[in-house]
Amino acid sequence: MDGNGRWAKKRGLPRSAGHGAGAKTFRMITRYCSDIGIKHLTLYAFSTENWRRPAEEVSALMKYFKQYLEEALRDFADDTVKVNFIGDITEFSPELQELMLENQRISADRTGMVLNLAMNYGGRAELVTAFKKIAKSIEEGKLSPDAINEQLISDSLYTAGQPDPDFIIRPSGEYRTSNFLLWQSAYAEYYIDDVLWPDYTKEHLNKALIEYSKRSRRFGGI
Ligand code: IPE
Ligand code: MG
């Protein structure tokens, strides 16, 4: 979800207003993806690098996260979406962490779309965490180095047990991955859209999905 700041700047508004508008898009797109039968949706909400932003902006983002997480607990009781957080959530305030864990708890048995919210997520940090876990198992004598394979690494990530992403959309016209799902995206199809996230609509997503349906995925074959 990119382009909130530029969206606000274009309108002479503070960046936090862009995050507010982006939060609305987030709600709408999440609902839409669930309605059209997407099985797994991962949204990059806050990266390990986003802490570098001015304190005022970080606290505005935290306010929107809190609002959404409280709303989800209060209003989405009958929802089918299973909420999951990827990233090191221990860096957030105890209150936010509790809200995240509670959202995971109450949705754990749901069988609809899996919504992964990447919070304090970085692809490199995720790999470091995974490698430490693997090294510990070796140190404890539970694992032989020869048993390390791609599956074991996949199973040691935050996304363990979930399929790799088929399709990654980046709005706001930036051509970079910004540390998103580095390992998991090996064969993902990419799609860059110029639209800024607060202006992103169902129509943008439909267009992207139609384009995806025409891609020929060969996974290194022919
Ligand atoms: C939202 O867009 C991404 C978040 C960190 C929530 P940005 O805040 O990166 O917007 P731009 O890239 O400055 O326009
Ligand atoms: Mg940005």
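At 8% relative accessibility, Glu 57 counts as buried (under 20% relative accessible area, with exposed meaning over 50% and partly exposed in between, for a 1.4 Å probe and protein chains only). Before going further, please note that this is a predicted model, in which local features need pLDDT of at least 70, side-chain atom pairs count only at pLDDT 80 or more, and totals for chains, interfaces and linings use all residues. Residues are numbered from 1 along each chain as its sequence is written, chains are lettered from A and ligands numbered from 1 in the order in which they are written, and side-chain values use heavy atoms, with hydrogens and water left out.

Glu 57 is found in helix 3; helices here are DSSP runs of H or I with at least four residues, strands are runs of E with at least two, and both are numbered from the N terminus. The side chain of Glu 57 makes a polar contact of 2.7 Å with that of Arg 15 and another of 2.8 Å with that of Arg 53. A polar contact is a pair of N or O atoms within 3.5 Å; within protein, one must be able to donate a hydrogen and the other to accept it, and residues adjacent in sequence count only if both atoms are side-chain atoms.

Ligand 1 is surrounded by 13 residues, and the closest are Asp 2, Gly 5, Arg 6, Arg 15 and Arg 53; a residue is near a molecule if one of its heavy atoms lies within 4 Å of it.

| Residue | Atom in the residue | Distance to a ligand 1 oxygen |
|---|---|---|
| Asn 4 | backbone N or O | 3.1 Å |
| Arg 6 | polar side-chain atom | 2.7 Å |
| Arg 53 | side-chain N or O | 2.6 Å |

On its own, ligand 1 has 380 Å² of accessible area, and the protein covers 86% of that (Shrake-Rupley method, 1.4 Å probe). Helix 1 (4-10), helix 2 (15-35) and helix 3 (55-75) are the elements that give two or more residues to the shell around ligand 1. Helix 1 supplies the largest share, three residues. By type, the shell around ligand 1 has three nonpolar, five polar and five charged residues; Ala, Val, Leu, Ile, Met, Phe, Trp, Tyr, Cys and Pro count as nonpolar, Asp, Glu, Lys and Arg as charged, and the others, Gly among them, as polar.

Now for a pocket. The second largest pocket is lined by 14 residues, with Glu 150, Ser 154, Asp 164, Trp 183 and Gln 184 nearest its centre. A pocket is an open set of points on a 1 Å grid over the protein atoms alone, where a 1.4 Å probe fits, with protein on both sides within 12 Å along at least five of seven lines; lining residues have an atom within 4 Å of a point. The lining of the second largest pocket divides into five nonpolar, six polar and three charged residues.

Two serines in the loop between strand 4 (167-170) and strand 5 (189-192) deserve a look. Ser 172 lies in this loop and has a positive phi of about 75° although it is not a glycine. Ser 178 is in the loop between strand 4 and strand 5 too, with a positive phi of about 50°. Ser 172 is buried, at a relative accessible area of 6%, whereas Ser 178 is partly exposed, at 31%.
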